[in-house]
Amino acid sequence: MRHGLEIACGGGTLTVAELVALGELAERSGWDGVFLEDYLVHHAGDEPHTWDPWLVLAAVAGRTERVRLGTTVTALPRRRPAKLAREVLTLDHLSQGRARVAVGVGDPADRGLAAFGEPTDLKTRAAMLDEGLDLLVGLLGGEPVTHHGVHYRAEGVALRPAPVQSPRVPVWVGGSTQAKAVLRRAARADGIVPYKLTDTDGWSDFTPDEVADLVAALPDRRADGQPFDVAVGGRRRRPDERVERTYLTQLAAAGATWWLEYVPAGDPAAMRAAVARGPLR
């Protein structure tokens, strides 16, 4: 099981230089992946600093050699799939094959939807995600794509050069596993970033048995023949590292391929410390 970081793309007065430095530090500290949130307006604070994840990841790509780079999660309904595909393909070449992208319907609390006139109706966003996912997956393979849909069109167009990764840049689908559509969409892609609906007061982890059930319900392999990715996590590390390490060992045995540890926006020194301590192997 690989260990990645989910890092806030903004909040408070976080600077873009600090964010890039965290990506560099992640590689030096032994992390396997750096995944940024994707918001136009970050969810924390009144008028928080917010940074574009793809530009930040491009800068990190030029200063690292090993760590995988991507987002968790990009709201595809507020993006043009072709423009997103071009950005991801560019990152794939900048990083020499370390890019990936996770997509979803978008956070219902995302202020960047209503503020800029984007659709907020869940049914509409879900339809755009379903259609946009097919187009994105096709374009990330570098072959000609023809698509005539309600929301998007493509007329035999290929985005070249082809990706470094073959047959395409991996695509993950994020969302609550309590929505059956999330599993259906993920099965058309290369991985899943699952979570539970947070309708309670506290965070709820997936149990190892739940992860095993999730793994059994999804494809065995990605399009490139590698194991289908199940990227579990999305929270900060427990204070009791012995308990945390035991839990992660159980997740790996259940079939999880990634554990994603969250680094929220905050004091820059605290963020650096969370990254510098490295993963719990």
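The following legends describe close-up views of a predicted model.

Residues are numbered from 1 along each chain as its sequence is written. Local features need pLDDT of at least 70 and side-chain atom pairs pLDDT 80 or more, while totals for chains, interfaces and linings use all residues; side-chain values use heavy atoms, without hydrogens and water.

**View 1. The largest nonpolar core has 64 residues.** Such a core is a set of buried Ala, Val, Leu, Ile, Met, Phe, Trp, Tyr and Cys residues joined through side-chain atoms within 4.5 Å, where buried means under 20% relative accessible area with a 1.4 Å probe, protein chains only. Ile7, Val101, Val103, Leu140 and Val171 touch the most other members. Helix H5 (residues 122–139) contributes the most, with seven residues; helices (H or I, at least four residues) and strands (E, at least two) are DSSP runs numbered from the N terminus. A second, separate core of seven residues includes Phe35 and Trp258.

**View 2. Helix H2 (residues 53–61) packs with helix H3 (residues 81–94), their axes coming within 9 Å.** The axes, lines fitted to C-alpha atoms over the stretch in contact, with angles from 0 to 180 degrees between N-to-C directions, cross at roughly 10°. H2 and H3 are therefore roughly parallel, a term for angles under 35 degrees. Contacts (heavy atoms within 4.5 Å) join H2 residues including Trp54 and Leu57 to H3 residues including Leu84 and Glu87.

**View 3. Strand S2 (residues 33–36) is covered on both faces.** Gly33 and Phe35 are buried on one side, Val34 and Leu36 on the other. Strand S1 (residues 2–7) pairs with S2 in the parallel sense over four bridges; pairing requires at least two DSSP bridges. Ile7 stands opposite Leu36 in S2.

Methods. Buried means under 20% relative accessible area, exposed over 50%, partly exposed in between (1.4 Å probe, protein chains only). Angles under 35 degrees count as roughly parallel, over 145 as roughly antiparallel, 65 to 115 as roughly perpendicular and the rest as oblique.
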